[in-house]
Amino acid sequence: MRYNTEEEHKAVACLECGDEIKYGRPDKKFCCESCKNRYNNRKSRNSRVTKLKVINSLERNHGILDRMLKLGMDSMDLVELKHLGFDTDYVTSYRKIRRHDEFCCFDIRFILTPTRICSVSRIPCSLDPGNSVKNSVNSHPEHKGNK
């Protein structure tokens, strides 16, 4: 690889600070490591902010639904929920069941109507790691003949 000397180097500006890069590879874009880091951090900041907003909204929704379940409530008016900070735009899954739209926020499911949410319930977790692996191996057709 050939490096430019000061006399044959074309004036190239650092993408972050704008200072002239006087030496190095011909395709060098930054004058130093700190400029390179600042540039890349600034570039990826927007996606980090968006991810944090989504995660925070999902956690807030889950917390509200969890409190509803602990209080024994299975439905609530949407206006009241919005006052508590619930945002219907942030859910982890959706499916259409007959005439209803069922939404989930992690392990809690609910049905959303135009004015309220109802049928709030926790999804039963039936995963037993030891049992499910055993059953899937024993029920495999090839495995039955090898016993």
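## Strands S6 and S7

Ile111 stands opposite Cys118 in strand S7. Strands S6 and S7 run antiparallel and are joined by four bridges; two strands count as paired if DSSP finds at least two bridges between them. A hairpin through three residues connects S6 to S7. Strands (E, at least two residues) and helices (H or I, at least four residues) are DSSP runs, numbered from the N terminus.

## Basis of the model

This is a predicted model, in which local features need pLDDT of at least 70 and side-chain atom pairs count only at pLDDT 80 or more, whereas totals for chains, interfaces and linings use all residues. Residues are numbered from 1 along each chain as its sequence is written, and side-chain values use heavy atoms, with hydrogens and water left out.

## Neighbouring pairs

Ile111 is also the bridge partner in S6 of Glu102. Strand S5 (residues 100-105) pairs with strand S6 (residues 108-112) in the antiparallel sense, over four bridges.

On S7, Arg116 stands opposite Asp77. The antiparallel pairing of S3 with S7 comprises two bridges.

## The sheet and its helix

Together, five strands form an open sheet in the order S3-S7-S6-S5-S4, with antiparallel pairing. Strand S3 (76-77) and strand S4 (93-97) are the edge strands, each pairing on one side only.

Helix H1 (residues 33-70) packs on this sheet and touches S3, S5, S6 and strand S7 (116-122); contact means heavy atoms within 4.5 Å. The direction of H1 makes about 80 degrees with that of S7. Axes are lines fitted to C-alpha atoms, for helices over the stretch in contact, and angles run from 0 to 180 degrees between N-to-C directions.
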